Amino acid sequence: MDRSRKPQVVILGAGFGGLTAARALAATPVRVTVVDRRNHHLFQPLLYQVATAALSPGDIAYPIRSILRRQRNATVLLADAVSVDPAAREVALSDGRLGYDFLVLATGSRDAYFGHDDWEKAAPGLKTLDDALEIRRRILLAFEKAEREANPERRKALLTFALVGGGPTGAELAGAIAEISRHVLASDFRAIDPREARIVLLEASDRILPAFPPELSAKASTALARLGVEVRTGTPVTAIRPGLVEAGRERLEAETILWTAGVAASPLARSLGAPLDRAGRVLVEPDLTVPGRPEIFVIGDLAFLADRTGKPLPGVAQVAIQQGRHAARNIDRALRGATRLPFRYRDRGNLAVLGRAAAVADLPGLRLAGFPAWLVWCFVHILYLIGFRNRFLVMFEWAWAYLTWQRGARLITESAGKPEPDKR
Ligand SMILES: Cc1cc2nc3c(=O)[nH]c(=O)nc-3n(C[C@H](O)[C@H](O)[C@H](O)COP(=O)(O)OP(=O)(O)OC[C@H]3O[C@@H](n4cnc5c(N)ncnc54)[C@H](O)[C@@H]3O)c2cc1C
């Protein structure tokens, strides 16, 4: 390292982990370069609210550049990172190269189709704002097409929504679609009754929300059933085609199929040449570095680390945030010649919201369901809408949409077919 200049810390990914690391390095004598392929930080836990028209994209995304505006040692680059060359201490971008003294890899995860990548087109996942808008488009257009469909079988398929995967995203999305059909759109159509829409949540294992204790999974199933969601556990999906889901010999015709079943690590991890787990996550050392590479940190969804009991840390925002802070601390310590500290996760619990005033919360020493869990959920999300100066406004908008069932302009979407060329 050239001692005459400040060390260069390159952070790939400005999600929960990367952005926290960048901010935590504000007072460290380093140059921080944050690289992201998108110009915004995204609050993924509220993505399904955009997909179901309860929030607008701008409510849950904020420009990275604006968040780091006042941090003098930070530079933001909009670029796609392609690979890492640990020997040369360089990152290959799609349009150039970037050298580093320390690297923080925080590019997160993407949807995984378990070897069935051909299912993606028929069953999109929910990971980005584009995904959320595409899902919103599909949901709204399904109702529109059903309104004009004379064939009762076809109409039934148009009003069937299948969600593959009963984790938090699947459960939350299923509940939200049920509420759109039962309340938000209930009086807006003439030929169809949106309340007749079928929402089917398919889960391969024997219960939904497997990361929660069984009693909360059961309460979540009951809450979803009350909203009109058919929860089908022990139902592994074996094939997906446009408009059709198969689970063994069972066939479900559904115009809208959504993938909420699993994620795999960002492919960037592979270029490190480090040991990976089955989901492609880097098996990091306790101090969050790559084995044999003390200058490379991997954090968040991209890292695999077990807690003190040997249980793998979950792919949640809190892990990424705490690891981002910890990586920054270890970089600071390394520069001061202090020993690096092992990462310890402070588990703040698990939350899933299942519609208006209904949620489940598995908190340290406390398990809640129903309205109290929903209040906790609201509080936590207000607290963690980082960088969003309008966080109370967003939560107010969201609460208003829920209390009144009014979604207003957020129910607008693109036309069903290709738009006519402008003939003027
Ligand atoms: C729909 C949904 C709902 C969720 N709900 C919850 C919840 O309620 N509670 C909870 O705790 N967690 C939730 N999570 C999980 C949580 O969002 C993740 O665990 C967390 O975002 C991981 O943070 P990260 O920093 O590792 O990655 P991310 O936040 O995913 O950030 C990765 C960043 O890297 C960028 N990037 C990726 N590849 C490249 C590349 N090649 N070049 C440049 N940039 C790149 C991306 O654009 C992104 O900005 C949810 C996730 C989803 C998808």
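By class, seven nonpolar, two polar and five charged residues make up the lining of the second largest pocket. Here Ala, Val, Leu, Ile, Met, Phe, Trp, Tyr, Cys and Pro are nonpolar, Asp, Glu, Lys and Arg are charged, and the others, Gly among them, are polar. Please keep in mind that this is a predicted model, where local features need pLDDT of at least 70, side-chain atom pairs count only at pLDDT 80 or more, and totals for chains, interfaces and linings use all residues. Residues are numbered from 1 along each chain as its sequence is written, and side-chain values use heavy atoms, with hydrogens and water left out.

**The pocket**

The second largest pocket has a volume of about 200 Å³. A pocket is an open set of points on a 1 Å grid over the protein atoms alone, where a 1.4 Å probe fits, with protein on both sides within 12 Å along at least five of seven lines; lining residues have an atom within 4 Å of a point. The volume is the space filled by probe spheres set on the points, which are joined across faces, edges and corners. Of the 14 lining residues, R137, R138, K145, E255 and T256 lie nearest the centre. The elements giving two or more residues to this lining are α5 and β17, and α5 gives the most, with five residues. Helices (H or I, at least four residues) and strands (E, at least two) are DSSP runs, numbered from the N terminus.

**Aromatic pairs**

The structure holds seven aromatic pairs. Rings of Phe, Tyr and Trp (its six-membered ring) pair if their centres lie within 6.5 Å; planes under 30 degrees apart are stacked, over 60 edge-to-face and the rest tilted. Two of the pairs are set out here.

| Pair | Centre to centre | Angle between planes | Class |
|---|---|---|---|
| F16 and F43 | 5.6 Å | 75° | edge-to-face |
| Y113 and W259 | 4.6 Å | 20° | stacked |

Because Y113 sits in the loop between β10 (109–111) and α5 (129–147) and W259 in strand β17 (residues 256–259), their pair ties together parts 146 residues apart in sequence.

**Three residues to look at**

Y384, in helix α10 (residues 371–384), is partly exposed at 23% relative accessible area. Leaving out residues up to four places away in sequence, Y384 touches F43, Q318, I321 and R348; contact means heavy atoms within 4.5 Å. Y384 and Q318 are 66 residues apart in sequence and 9.5 Å apart from C-alpha to C-alpha.

D332 belongs to helix α9 (residues 317–336) and counts as buried at 18% relative accessibility. The side chain of D332 makes a polar contact with the side chain of T28 at 2.9 Å. A polar contact is a pair of N or O atoms within 3.5 Å; within protein, one must be able to donate a hydrogen and the other to accept it, and residues adjacent in sequence count only if both atoms are side-chain atoms.

R410 lies in the segment after α11 (391–404) and is buried, with 12% relative accessibility. The side chain of R410 reaches the backbone oxygen of A53 at 3.2 Å.

Methods:
Buried < 20%, exposed > 50% of the residue type's maximum accessible area, 1.4 Å probe, protein only.
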